[in-house]
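Open the model in your viewer and keep the selection tool at hand. The tour goes stop by stop, with something to select at each one.

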Amino acid sequence: MKIGFPVERDAGMESKVYGHFGSAPAFVVVDTEKNEVRTIQNQDLHHIHGACNPIRALDGQQLDSLVVGGIGGGALMKLNALGIRVYEAGAQKVNENLQLFKKNSLQELTMDHSCKA
């Protein structure tokens, strides 16, 4: 399973989850099957507000899930349409959120939980 985390700075598993998906400078991607961690630079960082292209942001990488500090409704709908489930971060760092994810302790986001601004 490939799980992505928006981050401001790449510190691998110690990276802090960024507060908003679309404006995150990078994404740490954890492949739990291969036990690999890599970083993707946000390829859609300078989009017009409300016009986030999640696939461009993720450089075309296919993920199974994302764990975010916040996300707009448009990006959430686009990700869900691609089969990517989005969860709200329950801790500061990637490694902490990964453990919560594995325990099914993170809340899946719906349109009711997306950022309005």
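Keep in mind throughout that the model is predicted.

How do the rings of Tyr 87 and Phe 101 meet? Their centres are 5.3 Å apart and their planes stand at 85 degrees, so the pair is edge-to-face. Now colour by element: Tyr 87 sits in strand 5 (residues 85–88) and Phe 101 in helix 3 (residues 94–102). The two residues are 14 residues apart, and the pair links distant parts of the chain.

**The helix over the strands**

Select all of helix 3. Which strands does helix 3 lie across? They are strand 1 (2–7), strand 2, strand 4 and strand 5. Against strand 1, helix 3 runs at about 140 degrees.

Step past the end of helix 3 to Asn 104, in the segment that follows. Asn 104 is exposed, with a relative accessible area of 71%. Check the backbone here: phi of Asn 104 is near 55 degrees, a positive value in a residue other than glycine. Most residues other than glycine have a negative phi.

Hide the helices and look at the strands. Five of them make an open sheet, in the order 3-2-1-4-5, with mixed pairing. Strand 3 (36–41) and strand 5 are the edges, and each pairs on one side only. From one strand to the next, the twist averages 25 degrees.

Select strand 2 (residues 26–31). Strand 2 runs antiparallel to strand 3, joined by six bridges. Phe 27 has Ile 40 of strand 3 as its bridge partner, and Val 30 has Val 37.

Is strand 2 enclosed or open? Six of its six residues are buried, so strand 2 is largely enclosed by the rest of the structure. Show its side chains: Ala 26, Val 28 and Val 30 point one way, and Phe 27, Val 29 and Asp 31 the other.

**The second ring pair**

The structure holds two aromatic pairs.

**The cores**

From Phe 21, widen the view. Phe 21 is among the residues with the most contacts inside the largest nonpolar core, along with Leu 66, Val 68, Ile 71, Leu 79 and Val 86. That core has 17 residues. Strand 2, strand 4 and helix 2 (73–81) each give two or more residues to this core. Helix 2 supplies the largest share, three residues.

Next, select Phe 5, Val 30, Val 67 and Val 94. They are included in a second, separate core of 13 residues.

**Last stop**

Finish at Asp 59, in the loop between helix 1 (54–57) and strand 4 (65–68). Asp 59 is partly exposed, with a relative accessible area of 44%. Its phi is near 55 degrees, a positive value in a residue other than glycine.

Notes:
Residues numbered from 1 in each chain as written. Predicted model: local features only at pLDDT ≥ 70, side-chain atom pairs only at ≥ 80, totals over all residues. Heavy atoms only, no water. Phe/Tyr/Trp six-rings, centres within 6.5 Å; stacked < 30°, edge-to-face > 60°. Helix = DSSP H or I, 4+ residues; strand = E, 2+ residues; numbered from the N terminus. Buried < 20%, exposed > 50% of the residue type's maximum accessible area, 1.4 Å probe, protein only. Pairing = 2+ DSSP bridges. Axes fitted to C-alpha atoms, helices over the stretch in contact; angles between N-to-C directions. Contact = heavy atoms within 4.5 Å. Core = buried A, V, L, I, M, F, W, Y, C linked by side-chain atoms within 4.5 Å.
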